[in-house]
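Colleague: I'm new to this one. Could you walk me through how to read it?

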Amino acid sequence: MADEIIVSKTDLKGRITYTNDVFCRVAEMSASEVLGKPHNIIRHPDMPRAIFKLLWDTLQQGKELFAYVKNMSATGKYYWVIAHVTPSFDRSNNIIGYHSNRRYPNLEGIQNILPLYNELLKTEAGCSNPKEGLEKSFGLLENRISASGKNYEEFIWEMVSEDA
């Protein structure tokens, strides 16, 4: 399982249009249960919303993104992945959907990313409403990246250097 690639594709709204058998097996759902559903059906509540804002902002600019993501299966089991998410383009270079390849990260990478994710979650939870929480959490994420003197890709790969 550690060498397998989890694949999914979505439309512009994030609804699943394709999954491979690995996705279904790990998510503990059949293709018929996930096709047409929002991709966030596998989102674990321990994931900071700021990471998904970064993901969507980056994709809508036509750029790819790597991110550590904690997902949850239909039975409540969780699993970590390093996700490589890219926009899909038509012949006129319009974004028509998104493609994600995910693999299992090493334990060191997860341990390195957890303090940041926990801080983002604490920031989100400490606000009076979800919108304010997302704004503050995303600001914290941007500040961390900026203070590192690196762009996001360099920042994330340095934190999880064993996966680089």
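Colleague: Is Thr58 buried or exposed?

Modeller: The general idea first: buried means under 20% relative accessible area, exposed means over 50%, and partly exposed is in between, with a 1.4 Å probe and protein chains only. Thr58 has a relative accessible area of 11%, so it is buried. Keep in mind that this is a predicted model, where local features need pLDDT of at least 70, side-chain atom pairs count only at pLDDT 80 or more, and totals for chains, interfaces and linings use all residues. Residues are numbered from 1 along each chain as its sequence is written, and side-chain values use heavy atoms, leaving out hydrogens and water.

Colleague: What does Thr58 touch?

Modeller: Contact means heavy atoms within 4.5 Å. Not counting residues up to four places away in sequence, Thr58 touches Lys63, Glu64 and Leu65. Also, a polar atom of the Thr58 side chain lies 2.7 Å from the backbone oxygen of Leu54.

Colleague: Where is Thr58 placed?

Modeller: Helices (H or I, at least four residues) and strands (E, at least two) are DSSP runs, numbered from the N terminus. Thr58 is in helix 3, residues 49-60.

Colleague: And which residues of helix 3 are buried?

Modeller: An α-helix has 3.6 residues a turn, so residues three or four places apart point the same way. In helix 3 the buried ones are Ala50, Ile51, Phe52, Leu54, Leu55, Thr58 and Leu59. They pack against several elements, including strand 3, strand 4 and helix 6. After helix 3 comes Gly62, with a positive phi near 80°.

Colleague: How do I read the sheet, and in what order do the strands come?

Modeller: Two strands pair if DSSP finds at least two bridges between them. Here 5 strands form an open sheet in the order 2-1-5-4-3, with antiparallel pairing. Strand 2 (16-19) and strand 3 (65-72) stand at the edges with a single partner strand each, so one side of each has no neighbour in the sheet. As an example of pairing, strand 1 (residues 6-10) is joined to strand 2 by 3 bridges, and Thr10 has Ile16 in strand 2 as its bridge partner.

Colleague: Which residues is Tyr152 in contact with?

Modeller: Tyr152 lies in helix 6 and counts as buried at 9% relative accessibility. Leaving aside neighbours within four places in sequence, Tyr152 is in contact with Leu54, Leu65, Phe66, Ala67 and Ile145. A polar atom of the Tyr152 side chain lies 2.7 Å from the backbone oxygen of Phe66.

Methods: A polar contact is a pair of N or O atoms within 3.5 Å; within protein, one must be able to donate a hydrogen and the other to accept it, and residues adjacent in sequence count only if both atoms are side-chain atoms.
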